[in-house]
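Welcome, and please open your viewer so that we can walk through this model together. At each stop you will be told what to select and what to look for.

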Amino acid sequence: MKISGFMAFTFLLVFMPGAALFAQTQAEVKSPRELHLEIESYIVSKSRELAGQGKRLDVEKRDELVRDRKLLAEKYAAEVSLRADLKETDFYYLALLYVAAEENLKTIETMKKFIAQYPPDSQEEGDLFQSARSHIVILSTRRRQMAEAEQFYQMWLKGTPFVKTQQPMLEQILAVGFFKDGQYGQAIKYGQNAFDLLKTLEAVNIREKREKEQIYVNLVEVLALSYQKDRNSEKALNILAEARARSFTLPSASLYRKVMSFVAGSGFTEKNLMQKLESYAAAEPAPELKIVEWIGQEPATLKSLRGKIVLLDFWATWCVPCIATFPRLRDWHKKYGGNDFVILGVTKYYGRADAKPLTPLQEFDFLGEFKQKHKLPYDLVITDQGEDSLKYGIAAYPTTVLLDRNGVVRYIGIGSGLEESENLEEMIKKLLREETRLAPLQK
């Protein structure tokens, strides 16, 4: 008697329950790509679940989710690695599971297996090839396998699509790796190329600007150290002087702070840097402040103050070092204030003062009283510092930003130190002697 396909399948389900389980398991098996996507979205999806339950995602819970994600990635990677039917891009997504599981050696080995699935000149999976090569460069460098890292970087350079904006990041990683390996010449080769290339690339938004800035900071450090190790202090000084001046053009108080922190331990001084390159007088004007309230005279904008030297003092009422700078600011206002020199105390609403909650109107009144109490003769401006801190890279108080008559940042100072105060006053005097050059800078 002939048994139809449907009857045979029914027979398996009824008389062989194990077969039914096998069929169900096979249907539920996810591809390596699907498992990778699940891992990628794990924290976001779990956070939404918590929010739906009315639970708050605090730091402790987020750390727990990060640990859970890593464990799940380890589990998925172990399961996928046992499959006998892996081919082509399956290896790429398995490697990404290893990335999430922080298993670097297995990531490298699996990325190589993925690349080996295709002929050397294959263009079928271009984006994935380039991603695989960059992963190998990064992780081989981390394992101090510099020959392998350099080999795959050269493959990445020749691969398509070639994304130029990724090049400085990879070369910075190589430069740091070669420095740690004691190969200072190679560190300089890759670091200097990335340093020069990075300056030619435009950031399209604030996030990209800050990412670019972080790569730049890393390059400044590895290049300055490599040149010093290579017994070329002059070039090390040039790199640091340029980075300091560039922190003004961005502008970025955060970059300035990082550069000067490095300088402090390098044997150089800010005076050494200023003798090399003081600032870029022909840079673009500083970004406009987003002013919420003005306490003092008639409200103005930075653009309307062109023709004057403007000192922006970013501060807070609770900041003790900020209050320590008030005497020198009062002194500068008295000595230089008038038609040519303006100080603006830049702060924001914190919603509190003296440990008491305040409404915006109460805080406005409090700031007016604070101004009188500390005898501040200059105007205070309350800004949207969430936005302005990003624009200016403000990461600490007090931070002073000095603009010339064209609105260009010519000095940044952080803290209340004597040396920085002296350099800042010296720059104020210099800028007061300079003539305005508004026309070439107007758009």
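This is a predicted model: local features need pLDDT of at least 70, side-chain atom pairs count only at pLDDT 80 or more; totals for chains, interfaces and linings use all residues.

**Stop 1: strand S2**

Select residues 309-314, which make up strand S2. Six of the six residues of S2 are buried, so the strand is largely enclosed by the rest of the structure. In a regular strand the side chains alternate between the two faces of the sheet. Show the side chains here: Ile-309, Leu-311 and Asp-313 point one way from S2, while Val-310, Leu-312 and Phe-314 point the other way.

Now look to either neighbour. S2 runs parallel to S3, and six bridges join the two. Along that pairing, Asp-313 stands opposite Gly-345, and Leu-312 stands opposite Leu-344. With S7, S2 pairs in the antiparallel sense over five bridges; there Leu-311 has Leu-402 opposite.

**Stop 2: strand S3**

Move on to residues 341-347, strand S3. S3 pairs with S6 in the parallel sense over four bridges, and the bridge partner of Leu-344 in S6 is Asp-379.

**Stop 3: the whole sheet**

Six strands form an open sheet with mixed pairing, in the order S1-S6-S3-S2-S7-S8. Strand S1 (291-295) and strand S8 (409-414) each have a single partner strand, so they stand at the edges with one side left without a neighbour in the sheet. From one strand to the next, the twist averages 20°.

S1 and strand S6 (residues 379-383) run antiparallel and are joined by four bridges. Trp-294 has Val-381 in S6 as its bridge partner.

**Stop 4: helices across the sheet**

Select residues 360-373 to bring up helix H18, which lies across S1, S3 and S6 and runs at about 40° to S1. Then select residues 418-433 for helix H20. H20 lies across S2, S3, S7 and S8, running at about 160° to S8.

**Stop 5: the nonpolar core**

In soluble globular proteins, nonpolar side chains tend to be buried together. Here the largest nonpolar core has 121 residues. Which of them touch the most other members? They are Phe-114, Leu-240, Leu-312, Trp-332, Phe-341, Tyr-392 and Leu-402. Centre the view on Phe-341: leaving aside its neighbours within four places in sequence, Phe-341 is in contact with Ile-309, Leu-311, Trp-332, Tyr-336, Leu-402, Ile-428 and Leu-432.

**Stop 6: the disulfide**

Select Cys-319 and Cys-322, whose sulfur atoms are 2.4 Å apart and form a disulfide. The count for the model is one disulfide. The link between Cys-319 and Cys-322 is right-handed, with 80° about the S-S bond, and both cysteines are buried.

**Stop 7**

Select residues 59-81, helix H5. At 1.5 Å a residue, its 23 residues should span 33 Å, which agrees with end C-alpha atoms 33 Å apart. The buried residues of H5 are Leu-65, Arg-69, Leu-72, Ala-73, Tyr-76, Ala-77 and Val-80. What covers them includes helix H3 (32-40), helix H4 (42-52) and helix H6 (89-100).

Next, find Arg-83 in the loop between H5 and H6. Arg-83 is partly exposed, with a relative accessible area of 26%. Not counting residues up to four places away in sequence, Arg-83 touches Val-29, Lys-30, Ser-31, Pro-32 and Leu-35. For a distance to check in your viewer, the C-alpha atoms of Arg-83 and Leu-57 are separated by 36 Å.

**Stop 8: Ser-140**

Finish at Ser-140, in helix H8 (residues 126-142). Is Ser-140 buried or exposed? Ser-140 is buried, with a relative accessible area of 0%. Leaving aside neighbours within four places in sequence, Ser-140 is in contact with Ile-108, Gln-145, Glu-148 and Ala-149.

Key
Residues are numbered from 1 along each chain as its sequence is written. Side-chain values use heavy atoms; hydrogens and water are left out. The expected span of a helix is 1.5 Å times one less than its number of residues. Buried means under 20% relative accessible area, exposed over 50%, partly exposed in between (1.4 Å probe, protein chains only). Contact means heavy atoms within 4.5 Å. Two strands pair if DSSP finds at least two bridges between them. Axes are lines fitted to C-alpha atoms, for helices over the stretch in contact, and angles run from 0 to 180 degrees between N-to-C directions. A nonpolar core is a set of buried Ala, Val, Leu, Ile, Met, Phe, Trp, Tyr and Cys residues joined through side-chain atoms within 4.5 Å. A disulfide is a pair of cysteine sulfur atoms within 2.5 Å.
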